[in-house]
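These are my notebook entries on one structure. I record what I looked up and what I found, entry by entry.

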Amino acid sequence: MPRKLSSVAPGWWDYTTLESDITEAAARLTPEKMLKLSRPGFKVVFYETLEEFYLAEALEYITAWKQSTPDNPAGICGPIGPTEQLPLVARLVNELGMKIHSAHFWGMDEWFLDGKEVSATHPLSFERADRDLCFDRIRRDLVMPSANLHFPKADTGEYRRSWEGVRCAVMQGGQGDIKHWAFNDPPKRAGKHRDAPPSPAEYRKLATRIVDLHPITIAQNARTSGGGNVALVPTRAISVGPLETWRAEKVSIWHAGMHDNPFGQRLTTLMISQKIPDSSVPMSLLADHPNVQFNFYRKGIGSCEIEMH
């Protein structure tokens, strides 16, 4: 039986093409039931305050970098969205006097505009945000050399090679409205994927690449970063791929309730817990990763009850 057309973008795959039994089951989940969806390889964690939530996220940087030595370098791959953890990371490094000279950091993604990555002077640049909010705040005698900071470029070769010989202890991420991590959006409904989205095995082969962004992703980034000005947001980006994601020893996703909504948080938790990977819901592919943790701000989980505003 053919899959449904998307309710929001008929030329794309997305979560609205799923069978209704999955979406209805997700909408019925209470926070208490979500917490019980942990299983071996997938852990659900709640935090009661935003202070605790972002401190825990920042501490993942510290834990990863503490493992790094010149002979066995280690690092973390981190998102823009959320960003509140980044100043905390810098403060912790400085207060601890922690030398992170051998440590590494990979940015997850960057905007692609006019045939190249946006420069670090662009107001929406993710590299600019990482530097302004974190790395430029770390004392110069403590911070890693610039060669250990890896930001994706339009020519992805150097970035992809940076994953060789360095252990990624953890890849952090947020979850967007389209259920992505980084900009691993669902694909267009075209060509060989007109009638069915890519299989999980096919999608997982994707490496860092230039991607077209689903309309929902464009609208979301206008809302979260551009004051709602959709025309300001590029329609393409460079994104770390599943190929690199599966090199990370742990994938840690942070749900503060400010990016994806109550339904989306429930849907991916259910699909990963029950091992229902589907590339129309890219985050659900993490069902096949051996070490995934979903971190929730308890008050940000919200409710799927119908309520008119």
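**Entry 1: the second largest pocket.** I looked up which element contributes most to this lining, and found that strand 8 (residues 209–212) does, with four residues. I note that the model is a predicted one. The volume of the second largest pocket is about 230 Å³. I counted 13 residues in its lining, and Pro187, Arg209, Ile210, Val211 and Asp212 are the closest to its centre. Sorted by class, the lining of the second largest pocket holds eight nonpolar and five charged residues, but no polar ones.

**Entry 2: the sheet that contains strand 8.** I then asked in what order the four strands of the open sheet lie. The order is 5-4-9-8, and the pairing is antiparallel. Strand 8 and strand 5 (116–117) stand at the edges with a single partner strand each, so one side of each has no neighbour in the sheet. I recall that strands of a sheet pair through backbone hydrogen bonds, either parallel or antiparallel. Strand 4 and strand 9 (residues 236–239) run antiparallel and are joined by four bridges. Within strand 9, Arg236 is the residue that stands opposite Phe112.

**Entry 3: the largest pocket.** Strand 4 (109–113), helix 5 (126–133) and helix 8 (215–225) each supply at least two residues of the lining of the largest pocket. Which element gives the most to this lining? I found that helix 5 does, with five residues. The largest pocket has a volume of about 550 Å³. Its lining is made up of 29 residues, and Ile80, Gly81, Asn221, Ser225 and His259 lie nearest the centre. I sorted the lining of the largest pocket into 13 nonpolar, twelve polar and four charged residues.

Entry 4: Strand 6 runs parallel to strand 3 (residues 104–107), and two bridges join them. I noted that Leu149 in strand 6 is the bridge partner of Phe105.

**Entry 5: helix 3.** I checked whether the length of helix 3 (residues 50–66) fits its residue count. At 1.5 Å a residue, its 17 residues should span 24 Å, and the end C-alpha atoms are 24 Å apart, which agrees. I also looked up burial in helix 3: the buried residues include Phe53, Tyr54, Tyr61, Ile62 and Trp65. Glu57 and Glu60 of helix 3 are buried as well.

Conventions. Residues are numbered from 1 along each chain as its sequence is written. This is a predicted model: local features need pLDDT of at least 70, side-chain atom pairs count only at pLDDT 80 or more; totals for chains, interfaces and linings use all residues. Side-chain values use heavy atoms; hydrogens and water are left out. The expected span of a helix is 1.5 Å times one less than its number of residues. Buried means under 20% relative accessible area, exposed over 50%, partly exposed in between (1.4 Å probe, protein chains only). On a 1 Å grid over the protein atoms alone, a cavity is a set of points where a 1.4 Å probe fits but cannot get out, and a pocket is an open set with protein on both sides within 12 Å along at least five of seven lines; lining residues have an atom within 4 Å of a point. Grid points are joined across faces, edges and corners, and a volume is the space filled by probe spheres set on the points. Ala, Val, Leu, Ile, Met, Phe, Trp, Tyr, Cys and Pro count as nonpolar, Asp, Glu, Lys and Arg as charged, and the others, Gly among them, as polar. Two strands pair if DSSP finds at least two bridges between them.
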